[in-house]
Amino acid sequence: MAIRDVLKMGDPRLLEPARPVEDFASLELAHLFVDMHDTMRSLNGAGLAAPQIGVGLQVVIFGVDLNPRYPDAESVPFTVLINPVLTPLSDAMEEGWEGCLSVPGMRGLVPRHTALRYQGFDAAGQPIDRSVSDFHARVVQHEVDHLRGILYPMRIRDLRYFGFTETLFPGQNLQDD
Ligand code: NI
């Protein structure tokens, strides 16, 4: 299919709430999954939400392979998540560094729920119901925020912890999202 342009922060389409998917069998939706996958992989991202390529539907994809250069990073299974509902499993929050393909070259320290349950549907329209924690939970919260028109800089509590990746983490060659 196609690698699509990723909208950058400042584009008003990134601030609009996305609509739920109603027709799970449409050809447009099948093409959207492929385009999102191709786009995320081409940019070496950890996740992508449909509004980031200008499609206002409640579809996110994410997935992180184990990388020998970052032995502490957890793997997250590749997932297509449609019409997601998030339920925090406790009040515990944790600060962690995030980036975003719509905010290229930057990182910020963002509070997220440490553990949550997420429900929704996969690419075949089958239910997904998972309880996850830590990095997996962070990735899901970041991507689902895109469906609500929220970009991670809007959640940074202390803007002293927002800056350019190569300055914050010199020599680490971090991926963008
Ligand atoms: Ni993002």
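Trainee: What spacing do the donors of the nickel ion follow along the chain?
Mentor: Keep in mind that this is a predicted model; in it, the donors of the nickel ion are spaced as C-x41-H-x3-H along the chain.

Trainee: And which residues and atoms coordinate the nickel ion?
Mentor: The nickel ion is coordinated by C100 through SG, and by H142 and H146, each through NE2, at 2.1 to 2.3 Å.

Trainee: How are H142 and H146 placed in helix 2?
Mentor: Helix 2 covers residues 134-146, and because H142 and H146 are four residues apart in that helix, about one helical turn separates them.

Trainee: Are those two buried or exposed, H142 to begin with?
Mentor: H142 has a relative accessibility of 5%, so it counts as buried, and H146 is buried too, with a relative accessible area of 2%.

Trainee: Switching to the sheet, what is the strand order?
Mentor: It is an open sheet of five strands in the order 1-2-3-6-7, and the pairing is antiparallel. Strand 1 (47-49) and strand 7 (127-133) are at the edges, where each has a single partner strand, so one side of each has no neighbour in the sheet. From one strand to the next, the twist averages 35°.

Trainee: How many bridges join strand 6 and strand 7?
Mentor: Strand 6, residues 115-121, pairs with strand 7 over seven bridges in the antiparallel sense, and within that pairing R117 has S131 of strand 7 as its bridge partner.

Trainee: Where does helix 2 pack, then?
Mentor: Helix 2 packs on the sheet and touches strand 1, strand 2, strand 3, strand 6 and strand 7, while its direction makes about 155° with that of strand 2. Helix 1, residues 27-42, lies across strand 1, strand 2 (59-64) and strand 3 (76-88), and runs at about 40° to strand 2.

Trainee: One more thing, where is Q58?
Mentor: Q58 sits in the loop between strand 1 and strand 2.

Trainee: Why does Q58 count as buried?
Mentor: Its relative accessibility is 17%, and the cut-off for buried is under 20%, so Q58 counts as buried.

Trainee: What does Q58 touch, leaving out residues up to four places away in sequence?
Mentor: On that basis Q58 touches A18, R19, P20, V21, L81, I82, N83, P84 and L147. With A18 there is also a polar detail, in that a polar atom of the Q58 side chain lies 3.0 Å from the backbone oxygen of A18.

How values were computed. Residues numbered from 1 in each chain as written. Predicted model: local features only at pLDDT ≥ 70, side-chain atom pairs only at ≥ 80, totals over all residues. Heavy atoms only, no water. Donors = N, O, S within 2.8 Å, 3.2 Å for Na, K, Ca; no water. Helix = DSSP H or I, 4+ residues; strand = E, 2+ residues; numbered from the N terminus. Buried < 20%, exposed > 50% of the residue type's maximum accessible area, 1.4 Å probe, protein only. Pairing = 2+ DSSP bridges. Axes fitted to C-alpha atoms, helices over the stretch in contact; angles between N-to-C directions. Contact = heavy atoms within 4.5 Å. Polar contact = N/O pair within 3.5 Å; in protein donor to acceptor, adjacent residues only side chain to side chain.
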